[in-house]
Structures are given as structure tokens and as C-alpha cells.
Amino acid sequence: MKLDQHTIAQLAEHLENAELEAQDVLKITDDHPDMDWADAYAIQDAIRARKEGRGQKTVGLKCGLTSYAKMKQMGVDTPVFGFVSDYMARTEGSEIRTSELIHPKVEAEICVVTKAPLQGPGCHVGAVMAAIDFVIPGVEIIDSRYRDFKFDLKSVIADNTSASRFVIGGRARSVDALDLRTLGVVLEKNGRIVAMAAGAAVMGHPAAAIAALANHLGERGQAIPAGTFIMTGGVTEAIAVQAGDSVNVRFQDLGTVSMRFT
Ligand code: 0L1
Ligand code: MG
């Protein structure tokens with residue numbers, strides 16, 4: 001690691017304040033060009049500790065930049081990992097207040113809840129499939145804290161991978177009843193189709209994103225506990241939204257997830 005504990009704590013406070021006050025900031029690598037991947041995740045961990053210290057529960061893990069469309073949109077080739085907190089959750093059909101956000105975008109995501117622990121290294125799609133309790137559709141609302149979405153991967157990781165809000169809807173199904181690779185997703189904004197994809201857009205198989213998460217955590221001596229809610233990453237590129245927009249995402253065999261931005 002290149003940053004000391006004091007700097008990590010300062011950067012965590014800086015980025016969390018940007019999130020909570022909906023104020024954009026410049027990417028942190030401008031002032032800390034030498035920071036490494038461990039520093040980036042340490043800042044994210046410090047943000048998580050700040051939230052948990054205030055009593056906010058961590059309610060899930062997220063994989064980001066896992067689809068080829070999303071990687072192309074952001075010009076990267078590596079997935080990133082973050083967490084979601086209880087206050088970020090919204091129910092199906094909710095109104096999402098844009099005044100609390102900077103420049104939100106929506107992502108359609110195949111999500112799961114696990115029934116067994118997953119431990120890397122060496123975690124693979126088969127191990128993940130055996131550990132999935134059920135599959136449920138979701139929409140993530142990302143909101144990078146960086147001005148004009150100008151960032152690099154380390155800055156994004158430190159910023160908890162732009163996590164902001166998420167909506168779970170539709171219906172939960174057993175993984176045995178689904179083919180996650182061919183599961184179709186159609187994203188509509190204001191009644192018009194703006195993006196579509198199948199589950200295989202996420203690293204060839206959404207379970208591969210979860211295996212990558214388990215292997216990432218395994219390198220840090222951590223595992224994914226049983227009962228964890230996991231978002232596998234947007235199947236298409238992220239779609240910008242603003243007040244007045246309504247979003248409806250149809251997931252094959254899993255129903256619909258809807259929300260309105262006010
Ligand atoms: O969920 C995600 O795919 C995170 C992406 C982070 C970069 C962005 O804000 O687009
Ligand atoms: Mg996402």
C-alpha cells in the first residue's frame with residue numbers, strides 16, 4: 001500500500017461526504033497518483049466502516065463493470081466490487097429522488113441470494129451455481145461522485161463503485177428453473193426500449209461475476225457468507241436518467257422491476 005491510514009481515512013470521509021451531500025468531486029488519483037489497488041479497496045472499506053459505525057447495515061455485495069457493454073462504455077477490462085447499504089434500497093415501483101443524487105444512471109442486474117458460503121481462490125461457476133439459493137431481478141442506480149463521470153478504476157473502487165440506490169422487484173426463482181446465460185433483459189425508459197441483452201453479457205455467465213467476487217475476497221482472506229445478496233453487474237451499458245423519467249426492466253422468467261425518478 002502507498003497511502004497511510006490517515007490519508008485513507010481522509011479520502012473515505014471526502015468521498016462519503018460527496019455521496020451524502022450529492023456534491024461531485026475530482027477523481028482522487030489526481031492528488032494521489034501513486035495509490036494502488038489495495039489503497040483503493042482500503043478507502044472503500046473505510047467508507048463501509050463509517051456507515052456501519054452509524055448503524056447502517058451492509059445488505060449486499062455488488063459486482064461492477066462485468067458486462068462487455070459496460071466495460072466498453074467505461075473503457076476498462078476489469079470488474080470491480082463494492083457493497084450496498086440498507087438505506088440505498090428502494091421497493092418496486094418506488095419514486096427515486098434525483099435531488100439526492102448527482103448524475104444517476106440505471107443498470108439492469110441479475111441478482112442472487114446465496115445459501116452456502118463461497119470461498120476463493122479457485123471459486124468457479126459450478127461452485128457458485130451450487131451455492132445459489134434463488135435468483136431475483138434488480139436495477140442498480142449508480143451515481144459516480146466524480147465530476148462528469150471522469151475517473152479511473154482506482155478512483156471508482158474507492159468510491160464504492162458508484163453504489164447509490166437499488167431496487168429489487170419481479171419474482172424470485174430457483175436457479176434450476178432458469179438458464180442464466182440466455183435469460184433476456186429489456187430495459188425501457190419512458191416506454192421506449194433503450195437497451196437489451198441476455199445474461200451471458202455478464203462475463204459469459206452471471207455466476208462467473210460471483211466467482212470473480214469470491215476470488216477477489218479470497219485474496220484478502222475473506223469469504224462470501226451464506227445468505228448474501230449479490231448484484232452481478234449491469235447486463236447492458238448504464239442509461240442516464242433524470243427527474244420525470246420512468247424505468248421499467250423486463251426480465252425473462254423473473255418479471256419486471258420499475259421505478260420513477262422525481
Ligand atoms: O455497478 C457498476 O457497474 C459500477 C460501475 C462503476 C463505474 C460507473 O460509475 O459507471
Ligand atoms: Mg452495477
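Trainee: Where is Pro121 placed?
Mentor: Pro121 lies in the loop between strand E5 (105-114) and helix H4 (125-131). Helices (H or I, at least four residues) and strands (E, at least two) are DSSP runs, numbered from the N terminus.

Trainee: What kind of peptide bond joins Gly120 and Pro121?
Mentor: The bond is cis, with omega of about 5°.

Trainee: On what basis are such features reported?
Mentor: The model is predicted, so local features need pLDDT of at least 70 and side-chain atom pairs count only at pLDDT 80 or more, while totals for chains, interfaces and linings use all residues. Residues are numbered from 1 along each chain as written, chains are lettered from A and ligands numbered from 1 in the order written, and side-chain values use heavy atoms, without hydrogens and water.

Trainee: Turning to ligand 1, how many residues surround it?
Mentor: There are 14 (those with a heavy atom within 4 Å). The closest are Lys62, Lys70, Glu107, Glu140 and Ser162.

Trainee: And what is the make-up of that shell by class?
Mentor: The shell around ligand 1 holds 6 nonpolar, 4 polar and 4 charged residues. Asp, Glu, Lys and Arg count as charged; Ala, Val, Leu, Ile, Met, Phe, Trp, Tyr, Cys and Pro as nonpolar; the others, Gly among them, as polar.

Trainee: How far is an oxygen atom of ligand 1 from the side chain of Glu107?
Mentor: An oxygen of ligand 1 is 3.1 Å from an N or O atom in the Glu107 side chain. For a polar backbone atom of Leu65, the distance from a ligand 1 oxygen is 3.1 Å. For an N or O atom in the side chain of Glu140, the distance from a ligand 1 oxygen is 2.9 Å.

Trainee: How much of ligand 1 does the protein bury?
Mentor: The protein buries 100% of the 300 Å² that ligand 1 exposes when taken alone (Shrake-Rupley method, 1.4 Å probe). Strand E1 (58-64), helix H3 (68-74) and strand E6 (132-142) are the elements that each give two or more residues to the shell around ligand 1.

Note on methods
Polar contact = N/O pair within 3.5 Å; in protein donor to acceptor, adjacent residues only side chain to side chain.
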